[in-house]
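Here is a short briefing to read alongside the model. Keep the 3D view open and follow the topics one by one.

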Amino acid sequence: MTAVGIAVGGSKKEYPGNLTLYVTLTCVVAAMGGLIFGYDIGISGGVTSMDSFLRKFFPSVFRKKHENQTTNQYCQYDSVTLTLFTSSLYLAALLSSLVASTVTRKFGRKLSMLFGGVLFCAGAIINAAAKNVEMLIIGRILLGFGIGFANQSVPLYLSEMAPYKYRGALNIGFQLSITIGILIANVLNYFFAKIKGGWGWRLSLGGAVVPALIISVGSLILPDTPNSMIERGRNDEARQQLKRIRGVEDIDEEFNDLVAASDESKKVQNPWTNLLKRKYRPHLSVAILIPFFQQLTGINVIMFYAPVLFNTIGFGSDAALMSAVITGCVNVAATVVSIYGVDKWGRRFLFLEGGVQMFICQAVVAAAIGAKFGVSGNPDELPKWYAIVVVLFICIYVAGFAWSWGPLGWLVPSEIFPLEIRSAAQSVNVSVNMFFTFVIAQVFLTMLCHMKFGLFIFFAFFVVVMSIFVALFLPETKGIPIEEMSQVWKKHWYWRRFVHDTDFPAKNRGVEMGKGGGGYA
């Protein structure tokens, strides 16, 4: 099939603008919203491998882990209450992201970020003071409400503030913050687990207050995006803000396009109903399938339960937490690679390369665990080289995810929506992400118990499916202004049947279609 590319700016109609220090600092502060999500992912897996935490809240798991060392290693953490502790957060995030859509649209991106930080802070305090499982789960639900608001608003904020040529790199700052949050949580778990008296888990859970305060204070000092100002009728302020963030005086063309997009969006009474229109079929499909596939890479299984997983394959508790720190470092480093390459190599290249890398690693890990644990889950003494091989391939797998599906799973959906459906569509994206995170977290330990090493084969199968989807159905969005994105659907071999010129008039803005690199399959 002929590759068709989109050459943006082949004419003199490119939006002028620079990557200013002001916009860089603004995006760095906003991206810190990812810290709360990352910290929680890292902390929840770590505390559930701490004996003092299990003994207090999940005694049946603690007994299963210690009293019968010959038990099936695949099943030692299989507990409905334990999975409810982990996964209740994601159900709460799903619900709050739907509310966040209205807040983000009517009151701006900043207020959603503030709500996210305050709710997360409240949840962290309750968790740190928890006396019983009920308090733990109430705290987790508040954490989830905070994550729903932050994950809905931060990617939108970053995509709207960034100059289109650097949108990919600045938006991935959100994913970089998630990975840094995971790494910090893993390091803290390692040291807090050593505290005598067995109360280190309280520090781990209470430490979530710090990233919550960062995003709360950050949201108060951040400027609004020009898109959000125009959406709320503050056009003069929006013009001045656009000049400031682009670093040039000549912003008329971009400003007029933003105003035109806002005028179109105001004609839409109900963005949720509007999402179902035929012309938005490509956007809705991507908003649902990208986060669905992102969760079925199996990454959250690795990151939530890395300490548990490493403990299961023969590491001691300390060594398991240390191995999780190693994977956390790999995660951060690989995300930096994505920041460097996303606006150079394009989204599709990173998606496809990461898919191949993850598939190979999952096949090797499945074979390695299957060879030693078999179906009984009772390994003999595990040699050191075996453990090193498993950790090595898990690290290569994490790297593959961290420069592909990790950051791009948040970037691509946030940059493809027209303004009139942007808040609602981003809520769909976050809701689907959280729903499948919830499902995977809820069933993973039971799946591990019953499917054993076949669980990795299960996820490898979906990596193949998602790579085929990207190859055939995802257009390249590199270097395309956010208000011009409708043009990519009109020229795509499949999606053009849903999108016509009358749906999104080109308005002669200089988006030139032609053959070129980095196009569609």
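Is Phe 436 buried, exposed or partly exposed? With a relative accessible area of 23%, Phe 436 is partly exposed, a class that lies between buried (under 20% relative accessible area) and exposed (over 50%), using a 1.4 Å probe and protein chains only.

Please note that this is a predicted model, in which local features need pLDDT of at least 70 and side-chain atom pairs count only at pLDDT 80 or more, while totals for chains, interfaces and linings use all residues. Residues are numbered from 1 along each chain as its sequence is written, and side-chain values use heavy atoms, with hydrogens and water left out.

**Aromatic pairs**

- The structure holds 33 aromatic pairs, meaning rings of Phe, Tyr and Trp (its six-membered ring) whose centres lie within 6.5 Å.
- Phe 436 forms one of these pairs with Phe 435, with 5.1 Å from centre to centre and 80 degrees between the planes, an edge-to-face arrangement. Planes over 60 degrees apart count as edge-to-face, those under 30 degrees as stacked and the rest as tilted.
- Phe 435 is also partly exposed, because its relative accessible area is 37%.

**Helix packing**

- Helix H5 (residues 80-107) packs with helix H22 (residues 419-451) at an angle of about 175 degrees, and their axes are 8 Å apart. Helices here are DSSP runs (H or I, at least four residues) numbered from the N terminus. The axes are lines fitted to C-alpha atoms over the stretch in contact, and angles run from 0 to 180 degrees between N-to-C directions.
- H5 and H22 are therefore roughly antiparallel to each other, the word used for angles over 145 degrees.
- The residues of the H5 and H22 contact divide into 16 nonpolar, 11 polar and two charged. In this scheme Ala, Val, Leu, Ile, Met, Phe, Trp, Tyr, Cys and Pro are nonpolar, Asp, Glu, Lys and Arg are charged, and the others, Gly among them, are polar.

**Salt bridges**

- The count comes to 14 salt bridges, each a side-chain nitrogen of Lys or Arg within 4 Å of a carboxyl oxygen of Asp or Glu.
- Arg 234 and Asp 224 form one of them, with their closest N and O atoms 3.8 Å apart. Arg 234 sits in the loop between helix H11 (226-231) and helix H12 (235-246), and Asp 224 in the loop between helix H10 (209-221) and H11.
- Arg 234 also meets Glu 237 in a salt bridge, at 2.9 Å from N to O.
- Arg 234 counts as partly exposed because its relative accessibility is 28%, and Glu 237 does so at 43%, whereas Asp 224 is buried at 10%.
- Glu 254 and Arg 246 meet in a salt bridge of 3.0 Å, N to O, and both residues are buried.

- For Cys 329, the nearest cysteine sulfur is that of Cys 395, 9.1 Å away. Cys 329 counts as partly exposed, at 40% relative accessibility.
- For Cys 361, the nearest cysteine sulfur is again that of Cys 395, 9.6 Å away. Cys 361 counts as buried, at 3% relative accessibility.

Notes: Helices (H or I, at least four residues) and strands (E, at least two) are DSSP runs, numbered from the N terminus. Angles under 35 degrees count as roughly parallel, over 145 as roughly antiparallel, 65 to 115 as roughly perpendicular and the rest as oblique. A disulfide is a pair of cysteine sulfur atoms within 2.5 Å.
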